[in-house]
Amino acid sequence: MNIQVKKLKENAKIPTRGSEQAAGYDLYACIDEAVTIKPHETEKIGTGLAIAVPDGYFGAIFARSGLAAKQGLRPSNCVGVADSDYRGEYIVAMHNDSDSEKTVEPFERIAQLVVMPYLPVEFEEVRELSETQRGAGGFGSTGK
């Protein structure tokens, strides 16, 4: 699948994969200088890219596991959703979960993009839903 990418800034870096079988493509910070994120705060970090994800798919923006585990930095909304009709800059709102200031450097890998299919649905309002063994049992109701 070919996906069109437009550099909005000349120095923006096209997403890359860490290995041949990696599902995620690394997104890079396209910033002019380092950005410091205070403990438990969020800063928006641009990628300098606009991406045309094909219809029937969306761009899921996930944390990079190493950055989250080692630095405490992750996308603030946990998983970003970039719809196929979005043509603006991909911006990652980076949240600092740690108790110390963290710095994002220019061209640092900040998140990963996974292109995923979705199913368009239509909702039908009904008076009753079908019965199941679980029923309305919520959090922890299955005993596992």
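View 1. V121 counts as exposed because its relative accessibility is 55%, where exposed means over 50% relative accessible area, buried under 20% and partly exposed in between (1.4 Å probe, protein chains only). Together with L119 and F123, V121 forms a nonpolar patch on the surface, with about 440 Å² of accessible area in total. Patches are made of residues with over 30% relative accessible area and no salt bridge, with like charges joined within 9 Å and nonpolar side chains (Val, Leu, Ile, Met, Phe, Trp, Tyr) within 5 Å. A salt bridge is a side-chain nitrogen of Lys or Arg within 4 Å of a carboxyl oxygen of Asp or Glu. Accessible areas come from the Shrake-Rupley method with a 1.4 Å probe, and for residues only the protein chains shown count as cover.

The model is predicted: local features need pLDDT of at least 70, side-chain atom pairs count only at pLDDT 80 or more, and totals for chains, interfaces and linings use all residues. Residues are numbered from 1 along each chain as its sequence is written, and side-chain values use heavy atoms, with hydrogens and water left out.

**View 2. Strand β5 and its antiparallel partners.** Strand β5 (residues 57–62) is joined to β10 (residues 109–117) by six bridges and to β7 (residues 80–83) by four; strands pair if DSSP finds at least two bridges between them. The bridge partner of G59 in β10 is V115, while in β7 G59 stands opposite A82.

View 3. Leaving aside neighbours within four places in sequence, S84 is in contact (heavy atoms within 4.5 Å) with V53, P54, D55 and Y57.

**View 4. The largest nonpolar core.** This core has 21 residues, of which I45, I61, Y90, V92, M94, V104 and I110 touch the most other members. Elements giving two or more residues to this core are β4 (42–52), β8 (89–96) and β10. A nonpolar core is a set of buried Ala, Val, Leu, Ile, Met, Phe, Trp, Tyr and Cys residues joined through side-chain atoms within 4.5 Å. Beyond four places in sequence, V104 contacts A29, I31, A34, V35, I37, I45, L73 and I110.

**View 5. V92 in strand β8.** V92 belongs to β8 and is buried, with a relative accessible area of 3%. Apart from neighbours within four places in sequence, the contacts of V92 are L27, E43, K44, I45, I61, P75, I110 and A111.
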